[in-house]
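User: I would like to learn how to read the features of a structure like this one, going through them one at a time. Could you give me the general idea of each and then the case at hand?

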Amino acid sequence: MKILAVQIQQQGDLRLTDLLAEIQALPLAARRFAGSDLRLDEANLEGDLHTYADFVKARSGHGPGRMSSHAPLTEIDLGEGEFFGEDTGLIFDRLTGKAALQFNQFGPRLRAIEDYINIAARNLGHDQSSFAMGQCLKPDAYARLAQLGIYKEIDYKISVPGADRAGLAAGRSVGEMLRAPLPGGVETINVRLSASTKRDSSLNPEGVMAIVNDLQRAGDAVKRAVVKGRDVNGRKERIDLIEEFLSVEADLRPARGHRYARPDRWISLRNALNAWQAEGGPFA
Amino acid sequence: MKITSLLIERCWPFAGSALCLAASVKWSPTFPPDAGDLLATSATVASVIVGFLTAAAALILSISSSRVYRHLKSQGVIDVLFEYLKTAIYAGILFLIVCIAGFFFESNTTLYVDLWVVTGAAMMLLFLRITGLLLRLIGHV
């Protein structure tokens, strides 16, 4: 199971733990907001330091089947109103906002969870509060970025949602959404900013770092992000931000139904978070 | 309340028809002596608009297999579009009822003229809103 290092920033007075407690007090059917297909399934708010949460969504499209070495694959029957579900665990340090997030290809991902939390805050009457979540870079990547004296190029590719539920909840009009590129048209945009060809010319360092920060927040919407430049010794450097996002692979044994059990996932997330914080560097 | 583009999009036809009502109250226009022709023409226009919008609903459903439609549907945008369409159809039907009622009651009163102005303006503005969005949607398919 892959675990990503994430920084959560609170904007406003509302604490994320309090918001999760408020959501958890609602019945399961009322935990989806603005028609979102995501919901908070379970949260553990009792520890002194950490808050644990599990977000789930119904799996759309092609679902899994049942098979064995002697039997062909067959369908798994579902009852009326039942779906295959996917879950994503999150644990965060209440004081610092440092978090460990499970990566689940089919489950809720970073951007979707951030959108869900912010939509929930607005729907529960906390208009002045919001939360920003961004992936963290490896400590040496921060150092290498900081050591670049000359930024020659930043090249990134990002998927453009065009129209999404979060946009509607944030008050974007239908007309505005229909003006954006939609599936069938452009789905990703490529941006390449380069300094002039003179040897010592450089992009504005503050501008480059601002873009890097924005790309960290965009999470899995970023398909490619590369910064090129020269360090103080004049050596050429190429930093691939996708490869440099801090993550760890946890070895988990599947439990009942060939799924990773919630307690096991939460323990792995806590171990990863503790290990990153013990290592020091920007994530500590 | 925060003013967003969605709020403006939802409200501008109603704000526009409220302005028309205010203008009607201020200047108190009157119908020509024989208002029957005007009311009949208005009712015909309302019928054409309601018919067009009902056909537009079928047009939207005809693109339901496209990627754009499925994406917009999954994100809840189509639901808002249908809400606009429904509102425009209801406004057209309401204006139609107002026009027909004019044949049975005294139509050259201030109250009736104001009612005719506000429902007619609402129908036209709601029609403009949904047709603009539909044309933009079709441009993506």
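User: Which residues make the nonpolar surface patch of about 430 Å²?

Analyst: Patches are made of residues with over 30% relative accessible area and no salt bridge, like charges being joined within 9 Å and nonpolar side chains (Val, Leu, Ile, Met, Phe, Trp, Tyr) within 5 Å. Accessible areas come from the Shrake-Rupley method with a 1.4 Å probe, and for residues only the protein chains shown count as cover. In this predicted model, the patch is made by I3(B), I8(B), W12(B) and L128(B). I8(B) is placed in helix 1 (residues 5-27) of chain B, where helices (H or I, at least four residues) and strands (E, at least two) are DSSP runs numbered from the N terminus.

User: Is I8(B) buried, partly exposed or exposed?

Analyst: Buried means under 20% relative accessible area, exposed means over 50%, and partly exposed is in between (1.4 Å probe, protein chains only). I8(B) has a relative accessible area of 46%, so it is partly exposed. I138(B), which lies in helix 5 of chain B, also counts as partly exposed, at 40% relative accessibility. Between I138(B) and V68(B) there are 9.6 Å in space, C-alpha to C-alpha, although the two are 70 residues apart in sequence.

User: What numbering and what limits apply to these values?

Analyst: Residues are numbered from 1 along each chain as its sequence is written, while chains are lettered from A and ligands numbered from 1 in the order in which they are written. Since this is a predicted model, local features need pLDDT of at least 70 and side-chain atom pairs count only at pLDDT 80 or more, whereas totals for chains, interfaces and linings use all residues, and side-chain values use heavy atoms, with hydrogens and water left out.

User: How many residues does the largest nonpolar core have, and which have the most contacts inside it?

Analyst: A nonpolar core is a set of buried Ala, Val, Leu, Ile, Met, Phe, Trp, Tyr and Cys residues joined through side-chain atoms within 4.5 Å. The largest one here has 44 residues, and those with the most contacts inside it are V174(A), L53(B), L72(B), L81(B), L85(B), W116(B) and I130(B). At least two residues each are supplied to this core by helix 5 (174-179) of chain A and by helix 2 (36-62), helix 3 (67-74), helix 4 (77-104) and helix 5 (110-140) of chain B. Helix 4 of chain B gives the most, with 12 residues. Apart from this core lies another, of 27 residues, among them I8(A), L20(A), I23(A) and M133(A).

User: With which residues is L53(B) in contact?

Analyst: Contact means heavy atoms within 4.5 Å. Once its neighbours within four places in sequence are left aside, L53(B) is in contact with L85(B), A88(B), I89(B), F127(B) and I130(B).

User: How should I read the interface of chain A and chain B?

Analyst: Buried area is the accessible area (1.4 Å probe) that two parts lose on being put together, summed over both. Chain A and chain B bury about 1,700 Å² between them, with 61% of it on carbon and sulfur atoms, and 20 residues of chain A are in contact with 20 residues of chain B. A salt bridge is a side-chain nitrogen of Lys or Arg within 4 Å of a carboxyl oxygen of Asp or Glu, and across this interface the rule finds 0 of them.
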